[in-house]
Protein chains: 2
Amino acid sequence: MSEKALAYLKENREALLKRLNSFLSIPSVSTDSAHKNDVQEAADFIVTYLNDIGFEKVEKQETGGHPLVYAEYNGAGSEAQTVLLYGHYDVQPVDPIELWDSNPFEPELRDGRIYARGSSDDKGQVFMHLAVFEAYMKTEGKLPLNVKICIEGEEEIGSENLYTILRDKKELFAADFAVISDSGMVAKNQPTILYGLKGFTGIEITVQGPDHDLHSGMYGGAIRNPIMALNHILSSMKNEEEVITVDGFYDDVEPLTDGERKLIAEVQGEDYSQATGVTDTASEKGYTPKEHTMARPTFEINGIYGGYQGEGTKTIIPSSATAKITCRLVPGQDPDQIQQLLKQHVIKAAPSGVTVEVKKEKLSAKAYKVEPNHPLIQKAASSYTKAFGKETVYVRMGGSIPVVEWIEAIYNMPIVLLGFGTPDDRLHSPNESFPLDSFDKGMETLVYYWNKVNER
Amino acid sequence: MSEKALAYLKENREALLKRLNSFLSIPSVSTDSAHKNDVQEAADFIVTYLNDIGFEKVEKQETGGHPLVYAEYNGAGSEAQTVLLYGHYDVQPVDPIELWDSNPFEPELRDGRIYARGSSDDKGQVFMHLAVFEAYMKTEGKLPLNVKICIEGEEEIGSENLYTILRDKKELFAADFAVISDSGMVAKNQPTILYGLKGFTGIEITVQGPDHDLHSGMYGGAIRNPIMALNHILSSMKNEEEVITVDGFYDDVEPLTDGERKLIAEVQGEDYSQATGVTDTASEKGYTPKEHTMARPTFEINGIYGGYQGEGTKTIIPSSATAKITCRLVPGQDPDQIQQLLKQHVIKAAPSGVTVEVKKEKLSAKAYKVEPNHPLIQKAASSYTKAFGKETVYVRMGGSIPVVEWIEAIYNMPIVLLGFGTPDDRLHSPNESFPLDSFDKGMETLVYYWNKVNER
């Protein structure tokens with residue numbers, strides 16, 4: 001029953017792109033309270049669309065923060081599978097705005113891509129699902145499976161209220177499996193199933209030295225420089241071979257099997273150096289860059305500051321220095337325990353003459369991994385292959401999607417991570433975009449997949 | 001002939017403090033072009049004062065930047081000594097303004113101190129010289145020695161034009177000796193002669209990684225983090241025992257003699273921990289904090305920045321990181337060569353996957369040292385002791401005054417560093433202040449000294 005739906009998508013492509021553009025035009029920046037009404041407007045857009053399609057119980061659920069859009073479709077009958085579809089309609093801020101080649105909220109088609117904030121992460125991919133449901137309803141009068149919709153507006157600010165809602169309304173969101181399209185393919189038009197995601201945790205270290213900035217001539221030689229102290233602490237946490245040297249950090253890491261190394265080696269990933277402009281890649285001793293990004297934990301300093309940052313010179317010993325650190329974790333590692341290990345290491349490594357404060361990042365998540373041979377994964381892979389005309393690859397990725405951990409923890413249901421982004425999409429950066437190829441073939445994939453999930 | 005001058009200073013104390021306040025009220029911040037007219041006004045204040053006193057050839061010399069105030073007094077006759085008096089009328093910026101307890105440009109007397117930007121560095125001390133000259137002229141009708149005045153407006157921005165002027169107008173500024181009051185005592189009311197100053201140089205290191213900030217999940221494990229790379233580089237330059245580990249850094253350092261160590265040990269310096277609020281001092285292995293600050297070279301990171309500095313977390317690998325470094329040098333060390341050694345070390349220490357740029361600080365200066373037994377030093381010391389009622393101590397200090405190196409290089413004349421600041425003055429920081437005790441007894445010291453310099 002997929003041919004008609006496919007034909008509908010082709011025939012109505014212009015209208016769908018136009019409707020997508022109106023969605024992308026809403027500056028639903030969740031972190032910025034100035035955009036509060038825009039976030040509501042983006043939620044209303046989805047509510048309207050779901051009502052147009054014919055979903056039931058369509059509602060904006062209050063969360064305490066930005067609303068969550070819920071809806072149900074039960075027309076496939078009690079024998080059919082029910083999917084919980086998760087996505088988010090909020091977007092990252094656009095700064096630095098001067099680096100955008102076109103207005104982030106006036107979508108522009110250039111070189112086969114839709115340029116707009118949220119085009120890839122995640123409004124574009126949410127829209128594809130809605131369009132596919134529309135196509136089925138308009139042509140067949142029904143969907144091939146039952147659906148529960150969970151599209152939130154707080155993903156870019158850490159899904160602050162989602163966990164509580166999923167836990168407290170367990171019955172409402174219960175389903176046979178979950179699908180999330182908030183990720184990407186390893187290369188453009190390369191069907192990719194994500195079967196593992198990294199977990200996430202972090203700390204912030206502040207080294208306090210003197211109680212005010214000191215003249216470096218009067219006190220240099222008597223007072224420990226807090227920036228240098230911070231440097232010594234941080235240098236002791238990861239060495240130049242990219243090995244994390246925090247005691248116990250790797251203790252619970254599941255070793256990478258030969259089978260997985262083979263799977264990873266088969267992935268035609270992007271050229272990291274070319275994509276990022278570096279002279280050379282750098283990865284953990286004993287692992288390739290692909291292995292490290294996909295399946296080994298990481299330790300990154302996301303930001304550092306202390307002392308004078310202006311033009312020229314200011315000859316001070318600054319009073320303090322701060323570093324922000326996050327780690328991506330792999331299956332086996334417990335975020336709370338890792339935070340504890342990091343904190344212990346920092347306190348032990350701190351030299352005399354300074355005091356050290358370690359703040360623990362509140363948002364943490366465990367890593368996630370599903371068996372690549374699961375039938376629902378296999379059906380997604382074959383749909384993918386059919387739409388893109390290319391064998392699907394199976395990858396683990398370095399990113400973290402906290403909702404994946406939560407859905408697994410609360411519902412213990414299989415989660416299919418079916419993403420259509422590409423490495424060139426510049427998520428969270430200026431000039432975010434999404435390929436029209438992904439838009440077209442991604443919808444085709446979904447058409448095949450929904451049609452296939454009930455097959456035995 | 002000093003009694004009348006001393007009496008004059010006592011009788012006119014209120015009027016002098018009032019005039020000082022009007023000088024301190026001028027926001028002559030040399031680094032900020034918004035204060036250009038204020039800097040001129042401060043120069044005009046000195047011009048007016050010098051004319052009032054009866055100096056000759058009083059003029060604001062154009063420098064290309066802020067003006068230099070020049071004047072002469074030749075009334076002491078050709079047999080008398082001529083002093084070149086150097087000082088500066090410009091001040092540091094006041095940021096962070098919210099940390100001041102009173103307006104930095106509305107001088108306030110609290111607890112025996114004058115609170116104002118420039119009260120200690122260096123307007124207050126310049127003013128004391130002018131007041132002492134006034135006292136002699138009003139009471140004796142002449143000064144005990146000939147004087148050349150050189151008060152510049154660019155000290156806080158590195159005395160950009162001074163070297164060229166001193167070199168090109170060698171005849172104009174020639175004198176028998178120089179006096180500079182732009183330094184401090186080791187403790188309040190502890191007469192202190194500075195017989196050595198450190199030199200100065202610096203570099204700025206920028207580590208460039210990817211050409212834009214990267215998603216730490218997508219690229220963590222493949223791309224070298226430039227902040228961590230910078231940390232590794234900096235950590236390799238000074239160890240936790242405060243020993244600078246840059247090859248060749250100490251090669252030309254004159255060893256500290258037992259005699260000097262004894263002199264330093266005799267100095268009742270400030271309590272470094274108490275003055276700065278640190279838990280403990282930290283100094284080079286094998287040297288006391290006093291020895292290190294006074295007589296051993298230093299390496300300080302004055303500022304560092306890279307990546308995300310806002311609230312919360314941003315999971316990026318930043319594109320670059322920068323550190324600002326300055327060194328204080330001791331006799332024997334050549335600033336250019338030290339810059340070269342630092343640069344070589346940084347380039348050698350840089351890990352793969354990043355590129356490193358090293359900018360050399362333009363302003364450098366060699367260290368300075370004079371023989372403590374020089375008669376002009378001894379006369380200053382005895383004047384100091386007479387005014388403060390306490391034995392004078394001889395110290396080397398960690399600060400750098402480039403003009404000292406230049407006067408020595410161009411004129412090869414003895415330089416007497418006669419400063420009345422105290423360790424609690426908070427130079428360059430919020431709540432800069434200067435003790436009234438230093439104001440009164442400092443002027444008394446100058447009265448005695450000028451009276452004594454011509455004695456055989």
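With which residue of chain A does R224(B) form a salt bridge, and how far apart are the closest N and O atoms?

Author: In this predicted model, the partner of R224(B) is E242(A), and the closest N and O atoms of this salt bridge lie 3.0 Å apart. The count of salt bridges between chain B and chain A is 2. Polar contacts are also present: 39 residue pairs, with both residues at pLDDT 80 or more, are in polar contact between the two chains.

Several elements of chain B each supply at least two residues to the side that touches chain A. The helices among them are α7 (216-219), α8 (226-235), α10 (272-276) and α11 (289-295). The strands among them are β10 (214-215), β11 (298-307), β12 (316-317) and β13 (320-329). The most is given by β11(B), with 10 residues. By class, this side of chain B holds 29 nonpolar, 37 polar and 16 charged residues.

Strand β11 of chain A, residues 298-307, is joined to β11(B) by 5 bridges, and the two strands run antiparallel. Within this pairing, G303(A) stands opposite G307(B).

The extent of the whole interface may now be stated. In chain B, 82 residues are in contact with 82 residues of chain A. The area buried between the two chains is about 6,800 Å², and carbon and sulfur atoms give 52% of that area.

Definitions and conventions:
Residues are numbered from 1 along each chain as its sequence is written. Chains are lettered from A and ligands numbered from 1 in the order in which they are written. This is a predicted model: local features need pLDDT of at least 70, side-chain atom pairs count only at pLDDT 80 or more; totals for chains, interfaces and linings use all residues. Side-chain values use heavy atoms; hydrogens and water are left out. Contact means heavy atoms within 4.5 Å. Buried area is the accessible area (1.4 Å probe) that two parts lose on being put together, summed over both. A salt bridge is a side-chain nitrogen of Lys or Arg within 4 Å of a carboxyl oxygen of Asp or Glu. A polar contact is a pair of N or O atoms within 3.5 Å; within protein, one must be able to donate a hydrogen and the other to accept it, and residues adjacent in sequence count only if both atoms are side-chain atoms. Helices (H or I, at least four residues) and strands (E, at least two) are DSSP runs, numbered from the N terminus. Ala, Val, Leu, Ile, Met, Phe, Trp, Tyr, Cys and Pro count as nonpolar, Asp, Glu, Lys and Arg as charged, and the others, Gly among them, as polar. Two strands pair if DSSP finds at least two bridges between them.
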